[in-house]
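The sequence and structure are shown first.

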Amino acid sequence: MKNMTQKVLLLSLIMTLTGFAAVFAGGTQAGGGGNVHAFVFKSTGNPYGERQMSGFEAGIKEQGGTAILRAPDLPTAEAQIQMVDQLIAQRVASLCIVGNDFDALQPVLTKAKNAGIKIYSLDSSVNPASRLTHVNQADSEKIGITLVEAAYDLAGGSGEIAILSATSQASNQNLWIDYMRKELAKPQYAGLNLVKVAYGDDLRDKSVSETEGLLLSYPNLKVIIAPTTVGIAAAGKVLSDRGLQGKVYLTGLGLPSEMAEYIDNGACPYMYLWNPIDVGYLGAYVATGLTAGTITGKEGEKFSAGRLGEYTITKAPDGGTEVLLGPPFKFDKSNIADWKSVY
Ligand code: RAM
């Protein structure tokens, strides 16, 4: 009897260990078959990215899945490539990439695709050959046009303006800047002079020093456009610390929670954004749709995204497809108090 009990115990121990080994090796079943969905953001320490990831996790969990959230320490493609390789080994069902580079991830994403993992990008796209579709937070051209209109308004129609971006490889930033340049080329903006595009790499300290560099090099600068939440918050601090409200104006894309102070003190009279939690949440429904095969990423396909409602996959400006969350929202002194605790 004692022998029998020992045998049963040994057997259950072996089964438990085998189970653990399977979980560690796979995390789920073969790519495409499981319910584990990965999200790789640009870098750690970005509150905007943290909100996207929280929305993604909530969307996956409410559908009964498991979310794996990853971000490298620095916003480089190399660091993301290593992470994607690890996720291939974990055999996740889908992979959402917020690309640190448009093209550089293609080989590793192709490897992931060949392993059966459904790949799509979100926020900052990877090239169409590397993805099934892209989750875009707002119409890219509209963002470019809106930010130029804001700069024109804040500059009073003429003067020097500069852009403070994230990394020079970030495809979302570069697309928005391309549209800004196209808009600035129109005759009505002849009085605006874009003197520099600076790169703060979505790192707080670098964004601060790049802002200081702009102020030093261009003493007549009238407007800084920062289409990055990290950059705009850093620039808001520099302008406020130096008491430059009313002399150099700031606008761009910012988180209400980080920018309320600078909107209230006049450093940034107004700015734009969308709900980053919803961007991630929409991504969660793209993940499960692609994995279940209810969508494949083709133009015209429709799907339901939980509390956000119905979406249609459309053509993206880069020739691939995308899912558009919605229009950008304007924040100013009249509404910032209502939004600063939301995101
Ligand atoms: C930064 C990131 C992100 C961008 C937002 C607006 O946090 O660069 O990719 O979409 O700003």
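Threonine 228 caps the N-terminal end of helix α8, with a side-chain oxygen 3.1 Å from the backbone nitrogen of valine 230. The model is a predicted one, in which local features need pLDDT of at least 70, side-chain atom pairs count only at pLDDT 80 or more, and totals for chains, interfaces and linings use all residues. Residues are numbered from 1 along each chain as its sequence is written, and side-chain values use heavy atoms, with hydrogens and water left out.

**Threonine 228**
- Threonine 228 lies in the loop between β8 (221-226) and α8; helices (H or I, at least four residues) and strands (E, at least two) are DSSP runs numbered from the N terminus.

**Helix α8**
- Helix α8 spans residues 229-241 and has 13 residues.
- From first C-alpha to last, α8 reaches 18 Å, close to the 18 Å expected at 1.5 Å a residue (1.5 Å times one less than the number of residues).
- Because 11 of its 13 residues are buried, α8 is largely enclosed by the rest of the structure; among them are Thr229, Val230 and Leu239.
- Just after α8, glycine 243 takes a positive phi of about 65°.

**Ligand site**
- Residues around the ligand (a heavy atom within 4 Å) include Lys42, Tyr48, Trp176, Asp202, Thr228 and Thr229.
- Helix α6 (residues 171-184) gives the most to this shell, with 3 residues.
- Polar side-chain atoms lie 3.0 Å from a ligand oxygen atom in asparagine 46 and 2.9 Å from a ligand oxygen atom in asparagine 172.
- An N or O atom in the side chain of glutamine 173 is 3.2 Å from an oxygen atom of the ligand.

**Whole protein**
- The protein has 11 helices and 15 strands.
- Of its 343 residues, 52% count as buried.

Technical notes. Buried means under 20% relative accessible area, exposed over 50%, partly exposed in between (1.4 Å probe, protein chains only). A polar contact is a pair of N or O atoms within 3.5 Å; within protein, one must be able to donate a hydrogen and the other to accept it, and residues adjacent in sequence count only if both atoms are side-chain atoms.
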